[in-house]
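Okay, everyone, thanks for coming. Let me put the model up, and then I'll talk you through it.

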Amino acid sequence: MTVTASIVDGAVPRVLPRLTPENRPFWTGGAKGALLIQRCDACDRWVHPPTDVCPTCGGPLHPEAVSGRGTIFTFTVNVHQFHPDVPPPVVIAIVELVEQSDLRLPTNIVGAEVDELRCGLPVQVVFERNGEVYIPLFTPVDERA
Amino acid sequence: MIDVVERGAIISGIGISRIGRRTGTPHLDLTLEAGRAAIADAGLADSDIDGIATMGDTPVADTAKALGIEPVFTGGGMTTGGLLSPVMSAFLAVAEGRARHALVYRTVQMMGGEVIPQGGGDGDGGGRNEEMDTLSRIMSDIEPLLAVHAYSAVNWVGMHCQRHMHLYGTTKEQLGALAVNSRRNAALNPLAVYRDPITLDDYLNARPISSPFGLLDCDVPIDGSIAVVVSPAAYAPDCPKPPVRVQAIGGAPPSGSWTQRPDYPKMSSVDAAAEMWGRTDLKPGDIDVAELYDGFTFLTFAWLEALGLCGDGEAGPFVEGGRRIALDGDLPLNTYGGQLSAGRMHGYWVLHEACVQLRGEGGERQVAGQPEVAVVSNGGGPIAGCMLLTR
């Protein structure tokens, strides 16, 4: 099931990743609201970060949309200004996707109160447009929805 | 038993430059201060040195020229044993006879722990590409981290610490016990940059940086240089000072990750420690003094667990209250004040201090009962190296 996620425009500059044939679907899938993660044709395991062949079985990989749901695996609230154009606070996190344990990606948590942040908090993806790159960010799941 | 090549090497001399913050002293001056002190300490002349290894400031060629030597061995990088890779490369070169006496140094000038690439997005020329290629070789996930504004090691390590707290109940008070202990030791080290005592309240009330870390979880950038001379074991009888012997070294392979280890929040330190313990019959219980990397408080916790000095997840209770890690405790830890208080010599003051303690030259901060075995470690995340040194 593909959940079409909302897209926002980036408000501050980011150091954008260099696109490669392997990582392009992940970084650009947000244009269509899809979080595209590699999956092994042979053993069905999800694979991230993007690579050339399945690290488990050596099988070929294809990009496939995941649900965009996950939990906060860990996080840090950065309040020190390191980048001159990026005002703090910034919530940096690693999110674990629901599809598979150990399927993790670094991200930012947006639309959350700092006090509600905790390891295990359910979150869902939103995308931030930065040119052709769509950064997957995560926001707490609205429990009332 | 495997052939433990590094046991063919000893540390015959040590040297340290003036240490300070924003001193304005040229890096070559600092390097030569430390280097010449180490060479003299080893009972050698500049012309006896035929190998040089380092990383970072003051390239090998500049030092060789200033010393008037043409080294047959040069070493560097950080891909075999983290920041201690140059030292380890010298151990092996000297033990294998590729060099006789090698000078190894690390010189820093207010070095920080953040990565802010120059230039913006795609297509801004080759400089950024080259920088990212270099960084990616030692930190495979640096690009996805920078993409989410995680510019500093304080962010990367902070997330490990937060996860450790979640899994094991580790507390700020436990981290603070390490910071307070280090400051207490720094007060006994004339070269340490921060020597005024701090309390646990000072630690807890320090300016927040990146949760769960505040300012006093972070090490102190400084200017300085530390050097050691690596000589063959056969030189030991001729050393003017007690030779420091190399029992075993351990490192981690390059290009690991800050975010993807299956055993997160463990780090490459567990791989380096496993390699080191696989090269010796000594056990964690044999260690008399520990000089463990503390770029951030939590990195020392990670090393305590990786080295088996306490159980997995038990670093917090191990350090709590500070008695066990004090100079007169069961495991004196970071006896010179650590990078947290003495200053950020980027993995080399731990090495220097292990030698000081094993030689019995610690003065007011000397661990009683003459330590016989010291462990030295450096690095965090995908960068890790450690070594066991003995008298």
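**Where chain A meets chain B**

Let's start at the interface: between chain A and chain B, the rule picks out 18 residue pairs in polar contact, both at pLDDT 80 or more. A polar contact here is a pair of N or O atoms within 3.5 Å; within protein, one has to be able to donate a hydrogen and the other to accept it, and residues adjacent in sequence count only if both atoms are side-chain atoms.

Quick housekeeping. This is a predicted model, so local features need pLDDT of at least 70 and side-chain atom pairs count only at pLDDT 80 or more, while totals for chains, interfaces and linings use all residues. Residues are numbered from 1 along each chain as its sequence is written, chains are lettered from A and ligands numbered from 1 in the order in which they are written, and side-chain values use heavy atoms, leaving out hydrogens and water.

Back to the interface. There are 2 salt bridges between chain A and chain B, a salt bridge being a side-chain nitrogen of Lys or Arg within 4 Å of a carboxyl oxygen of Asp or Glu. Arg18(A) and Asp133(B) meet in a salt bridge through their side chains, at 3.0 Å, N to O.

As for contacts (heavy atoms within 4.5 Å), 34 residues of chain A touch 36 residues of chain B. The two chains bury about 3200 Å² between them, with 59% of it on carbon and sulfur atoms. That's accessible area, with a 1.4 Å probe, lost on putting the two parts together and summed over both. On chain A's side, Val15(A), Arg18(A) and Phe82(A) supply 24% of the area buried against chain B, more than any other three residues.

Now over to chain B itself, where 9 strands form an open sheet in the order β3-β2-β4-β7-β1-β8-β11-β10-β9, with mixed pairing. The edges are β3 (73-75) and β9 (289-291) of chain B, each pairing on one side only. Strands are DSSP runs of E, at least two residues, and helices are runs of H or I, at least four, numbered from the N terminus; two strands pair if DSSP finds at least two bridges between them.

Inside that sheet, β1 (residues 9-16) and β8 (residues 244-251) of chain B pair in the antiparallel sense over 2 bridges. And which residue is the bridge partner of Ile11(B) in β8(B)? That's Val244(B).
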